[in-house]
Amino acid sequence: MIVLWVLLHRCNLAAVVAETDRILRPEGKLIVRDKVETINELESLLRAMHWEIRMTYSKDKEGLLCAQKTMWRPTEVETRTYAIGEIR
């Protein structure tokens, strides 16, 4: 928890989330307590990476987020679309 706090205050949040996603195995959990603004941004990034948001809670200016990494992988159709690019 302390390591994540230090990283969040010295690094770009998206970079920290990407590294967390790389390190954690599927079904791994992340619990963060921080300012509400940071929690909201973190929730948005994690949803974009197909994490399940298990719980969010905020009171005053502080928030808590619990998320779990899923086994999501792009489908073959999605992979082809991105590899080829959009055809018009």
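Tutor: Thr 20 is in contact with Leu 30 and Trp 51, leaving aside its neighbours within four places in sequence; contact means heavy atoms within 4.5 Å. This is a predicted model, in which local features need pLDDT of at least 70 and side-chain atom pairs count only at pLDDT 80 or more, while totals for chains, interfaces and linings use all residues. Residues are numbered from 1 along each chain as its sequence is written, and side-chain values use heavy atoms, with hydrogens and water left out.

Thr 20 belongs to helix H2 and, at 15% relative accessibility, counts as buried. The accessibility classes are buried under 20% relative accessible area, exposed over 50% and partly exposed in between, with a 1.4 Å probe and protein chains only. Helices (H or I, at least four residues) and strands (E, at least two) are DSSP runs numbered from the N terminus.

Both contacts of Thr 20, Leu 30 and Trp 51, are members of the largest nonpolar core. Such a core is a set of buried Ala, Val, Leu, Ile, Met, Phe, Trp, Tyr and Cys residues joined through side-chain atoms within 4.5 Å. This one has 11 residues, including Val 17, Ile 39, Leu 42, Leu 46 and Ile 53. At least two of its residues come from each of helix H2 (13–23), strand S1 (29–35), helix H3 (36–48) and S3. H3 gives the most, with three residues.

With 13 residues, H3 reaches 18 Å from its first C-alpha to its last, close to the 18 Å expected at 1.5 Å a residue; the expected span is 1.5 Å times one less than the number of residues. Val 36, Thr 38, Ile 39, Leu 42, Glu 43 and Leu 46 are buried in H3. These residues lie on the same side of H3 because they cover an arc of only 150° around the axis, the arc being that of the directions from the helix axis to the C-beta atoms. On the other side of H3, Glu 37 and Ala 48 are exposed.

The cover over the buried residues of H3 includes H2, S1, S2 and S3. Among the covering strands, S2 (residues 52–59) and S3 (residues 62–68) run antiparallel and are joined by seven bridges; two strands pair if DSSP finds at least two bridges between them. Ile 53 has Ala 67 of S3 as its bridge partner.

H3 also carries a charged pair. Arg 47 forms a salt bridge with Glu 43, their closest N and O atoms being 2.8 Å apart; the criterion is a side-chain nitrogen of Lys or Arg within 4 Å of a carboxyl oxygen of Asp or Glu. Arg 47 and Glu 43 are separated by about one helical turn, being four residues apart in H3. Arg 47 is partly exposed, at 47%, whereas Glu 43 counts as buried, at 17%. In H2, Arg 22 and Glu 19 lie three residues apart, about one turn of the helix, and form a salt bridge at 2.6 Å between the closest N and O atoms. Arg 22 is exposed at 58%, and Glu 19 is partly exposed at 36%.

After H3 comes His 50, with a positive phi near 65°.
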